[in-house]
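Let us walk through this structure step by step. Keep the 3D view open as you read.

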Amino acid sequence: MSSIALIGKPNSGKSLLFNKLTGLSQKVANFPGITVELKSGQMADQTLIDFPGIYTFSGLTTDEIVAVEKFSEKIKDNSIGAIVCVLDATHLKASLRIGLEVLEFAQTFNKPVIFALNLYDVLKTNKIKIDFKGLSEELGAVVHPISARTGFGMEELEEKIKGIFELKISDKKFSNAQEQADLLNKKFGFDNTLLIKQQSKLDDFFLNHYFGGFAFAMIMIILFQSIFTFAVPFMDFIEMIVSGSAQRVAPFFPEGMIRDFVTDAVFGGVGSFIVFVPQIFFLTFIVGALEDSGYLARAAIICHKPLQFFGLSGKSFIPLLSGHACAIPAIMATRNIESPKRRLLTMIIVPLMGCSARLPVYALLTAAFIPPITFLGGFIGLQGIIFFSLYLFAIIVALFVAAFLSKTALKNKSDTPFILELPSYRMPHFSPLVKKSISNCWYFITKAGVVILMVTVAVWILGYFPNGSGQLQSSWLAYMGRAIEPLLAPLGLDWKYGVAILTSFLAREVFVGTLGTLFGIEGADENILGLADQIQASGLTLSSGVALLVFYAIALQCASTLAIIRKELGSSKIPLLLFFGYGALAYILAFLMKTFMDSVSFI
Amino acid sequence: MTLWDLEINKVCKIKAFLDVKPIIKTRLNDLGFNLNSEIVCLRKSPLGGPKTYQNSSGAFAIEQDVAQNIRIELK
C-alpha cells in the first residue's frame, strides 16, 4: 500500500502530530545521497512519512530543496498515495501558502489531501474562531481542526486519515498560491496582532537590551553545567558496566592473544567512547527542550551580530556550544543552519571546541607542569586559569579560522542571509524529546562506533605485534613512534609522546592511557598525579609541556568526529583536509609557543 | 527610507526591493514581505543584531544586509 506524506510549513507542530499519530514509533530513514532526514512511522496498517518543514516548493536551503525533490519524486512514482498537510492555525496565511501549492501538486497526480488545522487550542484560548468548514468548501478538501498538544480533534483526524484513499480529489483551481493564500486568509483568518503581542511579552525580557544578554548567559551556563552534572553518574555507571563486563567475559576466552584482544581492543577501545553517550543524551535533550520552547530562535538572534563578524551565523552558536561537550551531536546540530557557507564554516570549527575528551589530557599536563599556586585566598588557582586559557585559546583560533576561510577558500560559496521566523513560546514535550535523544545516541553508537572499532583494532594490532602483550616498547607502534621522532624533536618530545599522539588519534583521552602504559603505571586514568610526576621526572621541559597542550587544543584527533563530518558532507575530502590542516596548524602553533618560551629567559 | 531605519512600533508599507537576490526576494515574499504589505517593527536586538518585524504572516527577524535593501514608506 502507498504511504501517506505529512507535510507543512516549519513550526506548524508537524513533528509532534507525527509522533502522536505513530505512537512515537518513528525511525530515522536516511535516503542514499541526500542529507535530509525523512522519518517514517506506522499508524495502524498505514505508513506515514514525515517531511522536513518547507515554506514553499521553491526551497531556499539545501534541506528544503532536497525535501521538495524527494516529495515530488515519491508522489510521481506512487510510493506516496495521499497527503496530510499540516496548517498552523495561528499563522494561517503562511500555512496556506504552502498548503495551496501542495493541493495543486496533489491534483496533478490525483492524490487526496487532508488539511490538519493544528494549534487550534491556542485559538480557542484566545476566543478566536476560524470557519474551517467554509475553508474546507473553498479548498475542496477536508480541513479538520486539531491540537496535537492537547489531543483535541485527534481521534476524528485519525478516522479521516484511515479513509483518506477514498476521498475525492479536489477540483478547485488556485492559479497564484501567494495571492490566493492572502485572499483566503482575509476571508477565513484573523488579525494575528493579538497572538504576536502575547509572545512579545516574553520577548520583552528575553530580547531586552539589558536583561536579554544576561538571561542568555544564565541559560547557557545552566545548560553547560547540566550536561556535566546530570551525565556524570550515568557515565560512571557505564564505565563500571564496561569494565565489569570485560572482567566477566574475559575468562571465557583462552589466555593470550584472543583474550588480550577482547579486553584491550573491544572493551578498552569501544568502552572509551560509549562512556560519552550520556553526555550526548543530555545535550540533545536540553538543546531539544530549548528548541521546543522557542528560545533557541531568540538565542540565535542575540548571537548573530558578533558571530557574523567571523563569517558565521547566530545559528552557529548552539553547535559551537554543544561542541564543548562532544563534537558529534554538535556537527549534527549544524543542520539547522540554512546558509551552506555558514553551515560548513561552523562544521569546520566545531572540532576546535574544547570537548570533554580533551579534559584528561589537559588535567594530566596541567598537573605535571603548572604549580598549584592560588590567588585571592584560594579562590582562583593558576591551574584553573591555564585550563580556562586553553578553552579561550581554542575559541579564538576557531574564530580566526572561520574568518580566514570565509574570506578566502569559501568566499564564493553560496550564502543565505539571516531571516528567521520567531516561533511562539511553547512548553516542551517530554516524550518526543526523550525519543529523539535516544535516537541521536543510537546514531552515534552505530555510525561512529563502527569506525572506532576499526581504528581500535588497528591500534591494538600495531601495539601487540610482533612480541605480544607487555612488549609495547618493541611493538610496531613503538617502531612507528621512533620513525616520527625527528618530527617531534623540534617540540622537545621523544618517541613515547609520538606513540601517545599516534594512539590518541582514536580518541584524545587514549593519550593518558598510552603514556601510563609506557611509563609502566597501571590505571593511568585514575592516577593522573602519579603519572604527572613521572612526566616531570622524564625530563620533559615546561616549554615542551605547554607546546603539547597547544597541540592537543588544536589537533583533530577524533575518528568519530571525522566519520560524522564525512557522513554529513557525503565526502572524505573535507574531513581529510581538516585532519591534516589542523594537525599542521597544531604543530606550527606548538612549535611557535615552545620557541617563544625558550627565548624568554625568565621561563 | 529602508526597513532597517523603521522605528519600533511604527508601521510602513514596502515600496521596493533594492539589491536583494531573486531567491531571497522570493523567500521574503513567501513570508509575507510583499510590495505594499504592511510591516511593523517590533524590536531591535541586543548587540545590534537582526531586528524583529511583524506582518500578516507572523513575526520575523531580519538582518541588516537584507532590511536595508527594502525601501519603505511610512504609513
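This is a predicted model: local features need pLDDT of at least 70, side-chain atom pairs count only at pLDDT 80 or more; totals for chains, interfaces and linings use all residues.

Six strands make up an open sheet, in the order β10(A)-β4(B)-β3(B)-β2(B)-β1(B)-β5(B), and their pairing is antiparallel. Two strands stand at the edges: β10 (419-421) of chain A and β5 (70-74) of chain B. Each has a single partner strand, so one side of each is left without a neighbour in the sheet. On average, neighbouring strands are turned by 40 degrees against each other, direction ignored.

Helix α1 (residues 22-30) of chain B packs on this sheet. The helix touches β10 of chain A, and also β1, β4 (58-62) and β5 of chain B. Its direction makes about 150 degrees with that of β1(B).

Now look at how strands pair. In general, strands of a sheet pair through backbone hydrogen bonds. β10(A) and β4(B) pair over three bridges in the antiparallel sense. Here A:Leu420 stands opposite B:Ala61. Within chain B, β1 (residues 11-17) and β2 (residues 38-43) also pair over three bridges. There, B:Lys13 has B:Glu38 as its bridge partner.

Next, the contact between the chains. Chain B gives 34 residues and chain A gives 37 residues. About 3,000 Å² is buried between them, with 56% from carbon and sulfur atoms. B:Arg27, B:Arg43 and B:Pro46 supply 22% of the area that chain B buries against chain A, more than any other three residues.

Three salt bridges link the chains. In a salt bridge between B:Glu63 and A:Arg342, N and O lie 3.5 Å apart. On the side of chain B that touches chain A, α1(B) supplies the largest share, seven residues. That side divides into 13 nonpolar, 14 polar and seven charged residues.

Note on methods: Residues are numbered from 1 along each chain as its sequence is written. Chains are lettered from A and ligands numbered from 1 in the order in which they are written. Side-chain values use heavy atoms; hydrogens and water are left out. Two strands pair if DSSP finds at least two bridges between them. Helices (H or I, at least four residues) and strands (E, at least two) are DSSP runs, numbered from the N terminus. Axes are lines fitted to C-alpha atoms, for helices over the stretch in contact, and angles run from 0 to 180 degrees between N-to-C directions. Contact means heavy atoms within 4.5 Å. Buried area is the accessible area (1.4 Å probe) that two parts lose on being put together, summed over both. A salt bridge is a side-chain nitrogen of Lys or Arg within 4 Å of a carboxyl oxygen of Asp or Glu. Ala, Val, Leu, Ile, Met, Phe, Trp, Tyr, Cys and Pro count as nonpolar, Asp, Glu, Lys and Arg as charged, and the others, Gly among them, as polar.
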